[in-house]
Amino acid sequence: THMNRQRRARLRVARTKLSEARDEIEAIRDEEDEARDNMPENLQDSDRYTESEECSEAMDAAINSIDEAISSIEEAI
């Protein structure tokens with residue numbers, strides 16, 4: 001069964017929104033990485049530094065999940 005044109009078009013819009021969200025998350029992650037890289041050495045063993053690393057890792061996971069979602073949508077289109 002082929003998906004109708006309207007549903008495919010809606011999926012393309014959803015894919016675009018996911019892509020935009022991915023780009024925003026990636027930009028935030030990059031900013032977080034830069035902020036962490038600029039932390040003074042005396043803070044590099046701090047809870048704040050560790051939390052920053054964990055946040056970046058979580059954003060990496062979100063980016064990977066969105067990439068997988070986009071791939072799945074493209075298969076459906």
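Arg22, Glu26, Arg29, Asp30, Asp33, Arg36, Asp60 and Asp67 are joined in a network of salt bridges, a salt bridge being a side-chain nitrogen of Lys or Arg within 4 Å of a carboxyl oxygen of Asp or Glu. The structure holds eight salt bridges. This is a predicted model, in which local features need pLDDT of at least 70 and side-chain atom pairs count only at pLDDT 80 or more, while totals for chains, interfaces and linings use all residues. Residues are numbered from 1 along each chain as its sequence is written, and side-chain values use heavy atoms, with hydrogens and water left out.

**The pair of glutamate 26 and arginine 22**
- Between glutamate 26 and arginine 22 there is a salt bridge whose closest N and O atoms are 3.1 Å apart.
- These two residues, glutamate 26 and arginine 22, stand four residues apart in helix 1 (residues 5-37), and are therefore separated by about one helical turn; helices are DSSP runs of H or I with at least four residues, numbered from the N terminus.
- Glutamate 26 is partly exposed, at a relative accessible area of 26%, whereas arginine 22 counts as buried at 16% (buried means under 20% relative accessible area, exposed over 50%, and partly exposed in between, with a 1.4 Å probe and protein chains only).

**The pairs of arginine 29**
- Arginine 29 forms a salt bridge with aspartate 30, where the closest N and O atoms lie 2.8 Å apart.
- Arginine 29 counts as buried at 14% relative accessibility, while aspartate 30 is partly exposed at 39%.
- Aspartate 33 also forms a salt bridge with arginine 29, with 3.7 Å between the closest N and O atoms, and both residues lie in helix 1, four residues apart, about one turn of the helix.
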